[in-house]
Amino acid sequence: MGELTPEERGQRIIGACLAEKSANPYEVFRNVARRDFVRMHGPEHHVLDGAAVLVAYHNAGGDVDLPAALAELASRGLRMPGAMCGLWGMCGATASVGAALSILEGTGPLSGDDSWGSHMAYTSRALEALSHIGGPRCCKRDAYISLETAVDYIRERFGVRLEKDDVRCGFYPKNAQCLGERCPFFPANTTGA
């Protein structure tokens, strides 16, 4: 396969996510992240990570027009540059999930309800968890942390229970910068799926 454009990757991610039936965002994420159009690291995670949340939310009974929400998420995610974690101090995985939350509540920059601040609280919790692990980058690890934080947030905020599991990373052999045992999802550190 030739090199795909970011837009092509985004559209393939959305198409694959629409076929997912799980209420477990980790499962949705893993199933799509294993596809050949998702690289180990890359800005396609700025679409995939929030999409996994939207799909799981929908499949758990959450009220959302999934095709429209995924299209909006792709539009937002594709505007985020790569390497945000190192260059901007903001993880694209967390920003993607934050975008998904704002889509769920129709939040915008002028929103006067509590959703604006609530989504900031989510991203700050996720980023704090990432900060304790440290770098270098790992888009899969950052996705798992962002999803883990989102599952709890969505239960608290919306009363929708997304499935949660103990994550055991299967992507580490492809990551030249893997932290190994410093990563909470490295197989030697986990007992889960």
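**Notes on pockets, a cavity and rings**

1. The largest pocket holds about 310 Å³ of space. Please keep in mind as you read that this is a predicted model. To find the pocket on your screen, look for its lining: R76, G98, A99, S102, T107, G108, P109, S115, W116, H119, M120 and T123. Two elements, helix 6 (92-105) and helix 7 (115-133), each give two or more residues to that lining. Helix 7 has the largest share, with 5 residues.

2. What kinds of residues line the largest pocket, by class? The lining has 7 polar, 4 nonpolar and 1 charged residues.

3. Next comes the second largest pocket, with a volume of about 210 Å³. Its lining has 17 residues, and those closest to the centre are G42, H46, A83, C85 and C139. At least two lining residues come from each of helix 3 (45-59), helix 5 (84-87), helix 6 and helix 8 (139-158). Here helix 3 supplies the largest share, 3 residues. By class, this lining has 8 nonpolar, 6 polar and 3 charged residues.

4. Rolling a probe the size of a water molecule over the atoms shows where empty space is left. How many cavities of 30 Å³ or more does a search of the whole structure find? The search finds 1, and the largest cavity contains about 90 Å³ of space. Of the 15 residues lining this cavity, C138, R141, C169, C178 and C183 are the closest to its centre. The cavity lining has 10 nonpolar, 2 polar and 3 charged residues.

5. On to the rings. Across the whole structure there are 7 aromatic pairs. Why is the pair of F29 and Y144 called edge-to-face? The ring centres are 5.6 Å apart and the planes stand at 75°; an angle over 60 degrees counts as edge-to-face. This pair links distant parts of the chain, since F29 belongs to helix 2 (residues 25-33) and Y144 to helix 8, 115 residues apart.

6. F29 and Y144 belong to one aromatic cluster with F171 and F185.

Notes. Residues numbered from 1 in each chain as written. Predicted model: local features only at pLDDT ≥ 70, side-chain atom pairs only at ≥ 80, totals over all residues. Heavy atoms only, no water. 1 Å grid on protein atoms, 1.4 Å probe; cavity = no way out; pocket = protein on both sides within 12 Å on 5 of 7 lines; lining within 4 Å. Points joined across faces, edges and corners; volume = space filled by probe spheres on them. Helix = DSSP H or I, 4+ residues; strand = E, 2+ residues; numbered from the N terminus. Nonpolar A, V, L, I, M, F, W, Y, C, P; charged D, E, K, R; others polar. Phe/Tyr/Trp six-rings, centres within 6.5 Å; stacked < 30°, edge-to-face > 60°.
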